[in-house]
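I opened this notebook to record what I looked up in the structure shown below.

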Amino acid sequence: MTSNFVVLAMRKHWCCVPLFALSLIISPVYHVVLSQDDQRTIERRAMVDEQIIARGIKDKATIKALLAVPRHQFVPSNQIAYAYNDRPLPIGFGQTISQPYIVAYMTELVAPNPRKKILEVGTGSGYQAAVLAATGAQVFSVEVIPELASSARQRLIQLGYKNLKILNADGYFGWPEFAPFDAIIVTAAAASIPPPLLEQLADGGKMVIPVGSPFFVQTLMQIDKKGDQFESKNLMPVRFVPFRRSE
Ligand code: SAH
């Protein structure tokens with residue numbers, strides 16, 4: 001009834017008919033795209049409220065970055081439904097994107113801001129690197145698996161991050177060309193702290209690194225460089241994928 005009326009009314013304005021027909025075709029598609037986007041934004045807000053703020057993360061830049069970075073675009077398509085869940089997820093090649101809380105915890109520790117240069121070892125999906133970059137920090141991230149390095153690079157370019165560089169190399173050696181770094185975040189568990197990373201830490205800089213065997217619970221450690229001294233402390237038990245060495 002209503003549509004008959006619309007069509008009749010439009011007879012007087014024939015130029016409107018193609019536009020009307022086009023809007024009928026486009027609007028359902030447009031509607032679905034929009035509501036999926038809204039759905040992810042709601043899930044991300046809930047993730048930040050329930051997993052990040054409720055567990056004590058206070059740093060405003062960290063919270064803002066976790067709200068801004070679309071985590072669902074960093075996971076394989078069969079994992080999108082779980083992207084905002086409270087756990088790590090597989091990203092291929094036996095690797096994982098870390099649990100959101102761990103990403104927030106490590107980010108808050110290094111207090112990123114636009115004046116800081118930060119090295120990440122273990123780019124993986126590129127999510128932690130994107131969170132750091134979303135604070136305005138200059139981010140340098142090294143990934144040992146070539147396929148992961150190139151897919152993360154592509155994803156981060158597509159998402160528009162400019163203050164971020166990715167290198168496919170063994171992160172044991174850091175990224176000497178851009179050292180020293182105000183902070184270093186390592187996202188794979190090493191048996192011991194690689195000496196080149198300690199050397200590339202700036203005076204007053206901070207490293208966060210999981211240390212221990214890949215088969216047991218590891219310890220997340222914080223290393224502060226003061227002059228030529230290093231102070232270390234154990235933060236909490238964690239479980240990360242192993243630090244690999246390139247052949
Ligand atoms: N930060 C990632 C989590 C990645 S899991 C994210 O946000 O998705 C750990 C990553 O460290 C894996 O991709 C693994 O390939 C990488 N890795 C392990 N050993 C490495 C090394 N020696 N140098 C660089 N990357 C390494």
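**Entry 1: Phe230**

I listed the contacts of Phe230 (heavy atoms within 4.5 Å). Leaving aside residues up to four places away in sequence, Phe230 touches Leu198, Ile223, Asp224 and Lys225. The model is predicted: local features need pLDDT of at least 70, side-chain atom pairs count only at pLDDT 80 or more, and totals for chains, interfaces and linings use all residues. Residues are numbered from 1 along each chain as its sequence is written, and side-chain values use heavy atoms, with hydrogens and water left out.

I then checked the exposure of Phe230. Its relative accessible area is 36%, so Phe230 is partly exposed (buried is under 20%, exposed over 50%, partly exposed in between; 1.4 Å probe, protein chains only).

**Entry 2: Asn163**

I found Asn163 buried, because its relative accessibility is 17%. For polar contacts I used pairs of N or O atoms within 3.5 Å; within protein, one must be able to donate a hydrogen and the other to accept it, and residues adjacent in sequence count only if both atoms are side-chain atoms. The side chain of Asn163 reaches two backbone oxygens: that of Ala133 at 3.0 Å and that of Ala137 at 2.8 Å.
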